[in-house]
Amino acid sequence: YRQFIVPCSFFTQPSATHTCTHCFKMGVKPIFAVVFLLAAFNSVLLHPERPPLTDPEEARELFHLAELNRTVDGQLTREEVDDIFSVFDDNGDGLVGEAEFKKSWTTRELGDLTAASKLFSRADTDGDGAITQYPDMQRVFEYFDLDDDGKVNEVEFVIIWSNLSS
């Protein structure tokens, strides 16, 4: 989701000595952009030992399910995440233990027990054996909110979910 800029003169004047106004402001010369792009593509394409990216369709489905709880506006707010937490907090004690989480996860057919265990261990950010509103859910929300605008959109959710699932 983070953007990187390719110098605008890259395609029109690929000279190592030319720097257009935009590139000058960015401090980038076209030759460096070529080297950077080649290195980035090689690191992605030439590493077969990397795990394959997970199917983002699962993440999209989960986002849409989560987003149905208040408003269908393409964004998850902190309040909506709090609502989701309360759905998993079956006994209403403000703590979601691993057994409680797995039960809710499988009952709602959100995935298998392996996925539930993995997600629980990552959502329990302080490692105390329970997911709480604070600090766990606050940290999870901030982790998903890539642009720090106080909302999580579908793109942010898919990116982070895919990273968590790999």
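1. E67 is buried, at 2% relative accessible area (buried is under 20%, exposed over 50%, partly exposed in between; 1.4 Å probe, protein chains only). The model is predicted: local features need pLDDT of at least 70, side-chain atom pairs count only at pLDDT 80 or more, and totals for chains, interfaces and linings use all residues. Residues are numbered from 1 along each chain as its sequence is written, and side-chain values use heavy atoms, with hydrogens and water left out.

2. E67 belongs to helix α3, residues 56-67 (helices are DSSP runs of H or I, at least four residues; strands are runs of E, at least two; both are numbered from the N terminus). A polar atom of the E67 side chain lies 2.6 Å from the backbone nitrogen of G74. Beyond neighbours within four places in sequence, E67 contacts V72, D73, G74, Q75, L76 and E80 (contact: heavy atoms within 4.5 Å).

3. Five salt bridges are counted (a side-chain nitrogen of Lys or Arg within 4 Å of a carboxyl oxygen of Asp or Glu). One of them joins E57 and R60 at 3.7 Å, N to O. These two are three residues apart in helix α3, so about one helical turn separates them. E57 is partly exposed at 37%; R60 is partly exposed at 32%. E57, R60 and E154 form a salt-bridge network.

4. K102 and E98 pair at 3.4 Å, N to O. They sit four residues apart in helix α5, so about one helical turn separates them.

5. D90 and K103 form a salt bridge at 4.0 Å, N to O. This pair links distant parts of the chain, 13 residues apart: D90 is in the loop between α4 (78-88) and β2 (95-97), K103 in helix α5 (residues 98-107). D90 is partly exposed at 41%, whereas K103 is exposed at 52%.

Conventions. Polar contact = N/O pair within 3.5 Å; in protein donor to acceptor, adjacent residues only side chain to side chain.
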